[in-house]
Amino acid sequence: MLKNKVALVTGATSGIGLAIARALAAQGCAVVVNGSRAEREIIPLTDEIGKAHGVKCLALSADMASPPSIAAMLARTVSELGPIDILVNNAGVQHVAPLHEFPPEKWDQLIAINLSSAFHTSRAVLGPMMQRGWGRIVNIASAHGLVASPYKSAYVAAKHGLLGLTKVTALEAAEKGVTCNAICPGYVWTPLVEKQIPDQAKAHGLSEKDVVEKVMLAPQPNKKFATVEEIAALTVFLCSDMGASITGASLPVDGGWTAR
Ligand code: NAD
């Protein structure tokens, strides 16, 4: 369906990004798997994805908190695979702490990775996409782009900001065959979620088991974690020609959380 399109997925070495990279490769895209780890550590993964789907799959290490590193990654993508048709802004981190104790350096780092990186990548790819008359930008936001939870000031601020960026991008590109949408997952079982359980337990004064039941799954009416495959399937749909009229949308995949 997306044969020979060039897709770049940021933060694709694990979790949601990895599932999206696999799903786009399965549709015939050449895929860049970005991560902050050294390229030699990512290459076994890209070799596996490339062989499984008969597509080019390139490992590109770049720190999404660093605009020069982002620019270098984009330039290498274009020189090695060609112009970028599909951009998935997925890289993200979390830090859980009460606002009055939130470390300023964690705020800066989280805003840089979860929000500003999407500005830098979108800014670079949008002009060429509009010139070619086709493009897809998918921003992996969060239910926390639509509603808030305590102790996640930087994350909630970044994800709300990402929804604003999504809408502006969509409006500016609407007549040029380029769509931009945000996916807003509730809790999805990935390393990002596993890693925050001890901090959530500390911030809420709960056991780790209670964090899962009383904090994470409590707001999700279906009481289930979403799966990485569900997020990847929606990404593929948004990138398909059948997704052409969906733009500027913030699409929850949250078991009903934000319907409350
Ligand atoms: P994850 O920890 O499995 O993956 C995060 C990815 O981002 C990894 O590949 C990591 O290497 C990369 N990354 C982190 N810092 C980076 C940096 N400085 N430069 C380049 N890459 C960097 O987490 P995940 O749960 O798959 O999260 C992916 C996205 O989905 C994030 O934006 C997250 O906010 C969002 N999200 C996750 C959930 C969830 O419950 N898991 C819910 C809503 C939204």
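**Exercise 1. Sort the residues that line the largest pocket into nonpolar, polar and charged.**

Solution. Ala, Val, Leu, Ile, Met, Phe, Trp, Tyr, Cys and Pro count as nonpolar, Asp, Glu, Lys and Arg as charged, and the others, Gly among them, as polar.

Step 1: apply them. The lining of the largest pocket has 17 nonpolar, 18 polar and six charged residues.

Step 2: note the basis. The model is predicted, so local features need pLDDT of at least 70 and side-chain atom pairs count only at pLDDT 80 or more, while totals for chains, interfaces and linings use all residues. Residues are numbered from 1 along each chain as its sequence is written, and side-chain values use heavy atoms, with hydrogens and water left out.

**Exercise 2. Give the volume of the largest pocket and state which helix gives the most to its lining.**

Solution. Step 1: define the terms. On a 1 Å grid over the protein atoms alone, a pocket is an open set of points with protein on both sides within 12 Å along at least five of seven lines, a cavity is a set of points where a 1.4 Å probe fits but cannot get out, and lining residues have an atom within 4 Å of a point. Grid points are joined across faces, edges and corners, and a volume is the space filled by probe spheres set on the points.

Step 1: the volume of the largest pocket is about 880 Å³. Among its 41 lining residues, Asn90, Ala91, Gly92, Val93 and Leu192 are the closest to the centre.

Step 2: assign the lining to elements, where helices (H or I, at least four residues) and strands (E, at least two) are DSSP runs numbered from the N terminus. At least two lining residues each come from helix 1 (15-26), strand 2 (30-35), helix 4, helix 5 and helix 6 (191-204). Helix 6 gives the most, with six residues.

**Exercise 3. Describe the largest cavity and its lining.**

Solution. Step 1: there is one cavity of 30 Å³ or more, and the largest cavity holds about 50 Å³ of space.

Step 1: its lining includes Thr10, Asn89, Ile113, Lys159 and Leu162. Helix 4 (104-132) and helix 5 (153-173) are the elements that give two or more residues to this lining, and helix 4 has the largest share, four residues.

Step 2: by class, five lining residues are nonpolar, five polar and one charged.

**Exercise 4. Is His144 buried or exposed?**

Solution. Step 1: buried means under 20% relative accessible area, exposed over 50%, and partly exposed in between (1.4 Å probe, protein chains only).

Step 1: His144 has 3% relative accessibility, so it counts as buried. His144 lies in the loop between strand 5 (135-140) and helix 5.

**Exercise 5. Which residues does the salt-bridge network of Arg76 join?**

Solution. Step 1: a salt bridge is a side-chain nitrogen of Lys or Arg within 4 Å of a carboxyl oxygen of Asp or Glu. The structure holds six of them.

Step 1: Arg76 forms a salt bridge with Glu39, with the closest N and O atoms 3.2 Å apart. This pair links distant parts of the chain, since Arg76 lies in helix 3 (residues 67-81) and Glu39 in helix 2, 37 residues apart.

Step 2: Arg76 also meets Glu80 in a salt bridge (3.3 Å, N to O). Both lie in helix 3, four residues apart, about one turn of the helix.

Step 3: through shared partners, Glu39, Arg76 and Glu80 form one network.
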